Amino acid sequence: MSYRLVIWANGLLFIGLFLVLCFVPWVYLTGYGVSTNDSAEFITRRASPLFLGLAYMMWAIRDLEPSPARRAITDGTALLMVVFAVTGLYSLATGAVGPKILIGVAVEVPFALALLSVKNKAPGT
C-alpha cells in the first residue's frame with residue numbers, strides 16, 4: 001500500500017466525517033443507536049471542525065518525505081483511530097450504542113494499521 005493512497009484515504013474519511021457531523025449529525029448519532037436531542041447534535045456539530053482540521057493535515061503531508069514531524073502526525077492520527085475503536089467497543093459494552101458501532105471499529109482499526117505501515121515510506125511509494 002502506498003503512503004499517498006493511505007493519506008488520501010484518511011483525508012477523504014475525515015472530510016466525510018466533517019460533512020456528516022456538521023450538516024446531518026442525527027444521521028451519525030442514530031446510525032449508532034444514540035437518541036438525538038439538541039445537546040447531542042450541538043456536541044456532534046461542535047466536534048466536526050476537528051475532522052476538517054485532520055483532513056487538511058492529511059492533505060498538507062501527502063507529499064512530505066519521512067521526517068519526525070510527518071511521523072508525529074501519522075502516529076497521532078493512528079492513535080486517534082485506535083482510541084476511537086476502543087471507545088466504540090467500550091460504549092457497546094456499556095450499552096451506550098448499538099452493535100452498528102462495530103462497523104466504525106472495522107473501519108478505524110485498518111485505517112490505524114495502514115497509517116502505521118506507511119509512516120516511514122516516501123510519498124511516491
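A salt bridge is a side-chain nitrogen of Lys or Arg within 4 Å of a carboxyl oxygen of Asp or Glu. With that in mind, the predicted model shown above can be explored. Side chains of opposite charge can pair when their charged atoms come close. A search of the whole structure finds four such salt bridges.

One of them joins D63 to R4, with 2.7 Å between the closest N and O atoms. This pair brings together distant parts of the chain, since D63 sits in the loop between α3 and α4 while R4 belongs to helix α1, 59 residues apart. D63 has a relative accessible area of 42%, so it is partly exposed, and R4, at 32%, is partly exposed as well.

Another salt bridge connects the side chains of D75 and K119, at 3.2 Å from N to O. Here too, distant parts of the chain are linked: D75 is in helix α4 and K119 is in the segment after α5, 44 residues apart. D75 is partly exposed, because its relative accessibility is 28%.

The side chains of R45 and E41 meet in a salt bridge of 3.8 Å, N to O. Both residues lie in this helix, four residues apart, which is about one turn. Are the two partners buried or exposed? R45 has a relative accessible area of 33% and is therefore partly exposed, whereas E41, at 15% relative accessibility, counts as buried. The cut-off behind this contrast is simple: buried means under 20% relative accessible area.

Helix α3 also features in the packing of helices. The axes of helix α1 (residues 3-23) and α3 come within 8 Å and cross at roughly 160°, which means that α1 runs roughly antiparallel to α3. Their crossing is left-handed.

Finally, the surface carries a nonpolar patch of about 440 Å², made by W8, Y56, M57 and W59. Which helix gives the patch its largest share? That is helix α3 (residues 38-61), with three residues. W59 lies in helix α3, and at 43% relative accessibility W59 counts as partly exposed.

Conventions
Residues are numbered from 1 along each chain as its sequence is written. This is a predicted model: local features need pLDDT of at least 70, side-chain atom pairs count only at pLDDT 80 or more; totals for chains, interfaces and linings use all residues. Side-chain values use heavy atoms; hydrogens and water are left out. Patches are made of residues with over 30% relative accessible area and no salt bridge: like charges are joined within 9 Å, nonpolar side chains (Val, Leu, Ile, Met, Phe, Trp, Tyr) within 5 Å. Accessible areas come from the Shrake-Rupley method with a 1.4 Å probe; for residues, only the protein chains shown count as cover. Helices (H or I, at least four residues) and strands (E, at least two) are DSSP runs, numbered from the N terminus. Buried means under 20% relative accessible area, exposed over 50%, partly exposed in between (1.4 Å probe, protein chains only). Axes are lines fitted to C-alpha atoms, for helices over the stretch in contact, and angles run from 0 to 180 degrees between N-to-C directions. Angles under 35 degrees count as roughly parallel, over 145 as roughly antiparallel, 65 to 115 as roughly perpendicular and the rest as oblique. A crossing is left-handed if the near helix is turned anticlockwise from the far one by less than a right angle, and right-handed if clockwise.
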